[in-house]
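Trainee: I am new to this structure and would like a close look at a single part of it. Please take me through that part step by step.

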Amino acid sequence: MTEKLGFEGLRAKYKDVLSKAFSTNNIDLLDSFSKNTNEIDRKAAMDQAFRDKLLELLVEDPDTLENYVSFCIDSCRRQMVTATMPVVLLGDIFDALTLNKCEKMFSYVENGVSIWKEELFFVACKNNLLRMCNDLLRRLSRSQNTVFCGRILLFLAKFFPFSERSGLNIVSEFNLENVTEFGGESSSTLKDSLDEEMVVDNEKSKLSIDYNLYCRFWSLQDFFRNPNTCYNKIQWKTFVAHSGSVLSAFASYKLEAVELQKSKLNRLRAVNVEVEIPGSKEQHYFAKFLTNQKLLELQLSDSNFRRCVLIQFLILFQYLTSTVKFKMETQELKSDQADWVKDTTALVYRLLSETPPNGKTFAECVKNILKREEHWNGWKNDGCPEFQKPKQPAQIDAGDEIKKTRKRRRPVGDIVKEYEGQNKSYMGNNDLTKLWNKCPDNLAACRTKERDFMPSLESYMLSGLETVGGKRRTACGGWGWRALRLLARRSPHFFIHTNNPIERLPEYLDTMVERVSREVAANAAAAINGQSSKNSSDKTPKQDSNEEEITEEQMEADLIKDEDATDIEQVPDSTHAGEEDYDKNTRSRVTMITTAQLDVVSSKLSDWKKLASKLGYKPDEIQFFESENATDSARAKNMLQLWFDDDEDASVENLLYIMEGLKMQEACDALKNVK
């Protein structure tokens, strides 16, 4: 009890000294009086004294109150009162004054934003200032006190840093409480309820503003306040239908002359009695428009009203097409929806440019503002990193200088574009990029001779005569496996039926090695005989014919030892020539298609994708043909050319068989008629 009385007495003394110091504007008097007192007790008593003195000054004019708060700020800097005391006094002042006086007093708060951002006050007062501003906003009407609300929000934006989490809409929430109420009797139309002179004349035709248009117009506000409803399939159809009706009304209903528009605005004020201030000729602006049925025709004549609605469309479209971090995976427009948004955006900008006054300038300003909004959206997607001022040259340390000397790496996108301009590919590694760009056509690179690692039949089979570890190579499993694959690829003997069954694989391979060796010797002898007959001119034709007969008889006798005569007759003569020549001649004779045939059949393939799928091409390959060629004929020709080049089973006969199965009779007939 004694301590309480001591505190009360100290507060009363401080109040008297405070009154004298404030009246004489002598802060030294207050400072000298409180030097010999404990700091904690002194600050507590001084805080209460300032609040008590404020109760006496509330009846004074705002200038006196501003001087009193400034006097408290100086006291804070001399450590006589707590740092939160000036904002506490401002909160008490705003709670006690009327809204008109609060609006005048708030100018002092706005002008002192640099004071509140000082290190002494910012940390201690930021929560109190935010609470004070929120209390003011609760008392204000956003439709009638729009300017004052905007001033408060601008002050908070100047006071708090950009990265302050309390001032950011991090998770992209919408003001769902902003519900627009409208309605009326659906059985009656506006045309019946309005006078004849209020029907809109648009040159020769008349625009009927009925109840259906009225409902569609104001129901769009539900989509504007909650854009996520547009991702619903049914809601999207509703939004598209309503938007089309409203924008068509804007496009067909041109704004009238300024004089006639002013007269209609006067009639609007006459209808809206609650808004009109008696005795005031000032033109008022309302951020939220009235939804009475009879006012829609007049509102369509208001350029501010039209601009407000069109800008709402643009804001909604920007949200739907932007990348927002907190959107769900399902909240994404489809291709047809994105195309509609793009076309409608162009229409809205055209309507904005046609809206007087200065329509084109206004449309460009809106476009620039929304473009800047994209940067803020990207900043929020990155987690709202803090903005920092660049360091001064004197503050740059050695580490920063080292970083400056380092060469800045070029963006990967620029490097890729540079290589694409040279028709090359960038693989991210110098050696890999050099290797990849040696041959731009991958298929052509695979068909080069350097890529053919398969040995010739003669050289590989003759290596079977060698011995490794005391046994012939034919007994080695790895060598035998490769020999079988090579025989199947390049020797006709592998597929000939024989009466001698194979008991063991090494024995079969020994037989094939001996046969190939005899064929090599016979080919070599034939080549020598042919050369000798060409160079020797003294031999008679009879002698030459005898030597040829002997050679043929010997070759035939050697082959009959191992195989039947029927087996020998089945071996093509071209086999004894070079293996590459045999493959090339056979392929050109059987499988290749002529240029004339290719052109004719390509022009008749209307459904070439169906044929491509049948030939084994995948969807991405079909898409490649479609993107690389302009016409269906060129796409079909490109596809068939690659098929004949790459597929071993490709032939004109197989192509006809496949097209007949797909019922492409016209293409089949065209291919058969061309040789």
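Which residues in α31 meet which residues in α32?

Mentor: Keep in mind that this is a predicted model. Helix α31 covers residues 632–646 and helix α32 covers residues 652–661. From α31, the residues involved are Leu-640, Trp-643 and Phe-644. They meet Val-652, Asn-654, Leu-655 and Ile-658 of α32. Sorted by class, this contact holds 6 nonpolar residues and 1 polar residue, with no charged ones.

Next comes the geometry. Two packed helices are described by the angle between their axes and the distance between the axes. Here the axes of α31 and α32 come within 11 Å and cross at roughly 130°. The pair is therefore oblique, since an angle over 145 degrees would be needed for roughly antiparallel and 65 to 115 for roughly perpendicular. As for handedness, α31 passes α32 in a right-handed crossing.

For comparison, look at a residue elsewhere in the chain. Gln-318 lies in helix α15, residues 303–321. Its relative accessibility is 13%, so Gln-318 counts as buried, the cut-off being under 20%. Apart from neighbours within four places in sequence, Gln-318 is in contact with Leu-370, Lys-371, Glu-373 and Glu-374.

Definitions and conventions:
Residues numbered from 1 in each chain as written. Predicted model: local features only at pLDDT ≥ 70, side-chain atom pairs only at ≥ 80, totals over all residues. Heavy atoms only, no water. Axes fitted to C-alpha atoms, helices over the stretch in contact; angles between N-to-C directions. Helix = DSSP H or I, 4+ residues; strand = E, 2+ residues; numbered from the N terminus. Parallel < 35°, antiparallel > 145°, perpendicular 65-115°, else oblique. Left-handed = near helix turned anticlockwise from the far one by under 90°. Contact = heavy atoms within 4.5 Å. Nonpolar A, V, L, I, M, F, W, Y, C, P; charged D, E, K, R; others polar. Buried < 20%, exposed > 50% of the residue type's maximum accessible area, 1.4 Å probe, protein only.
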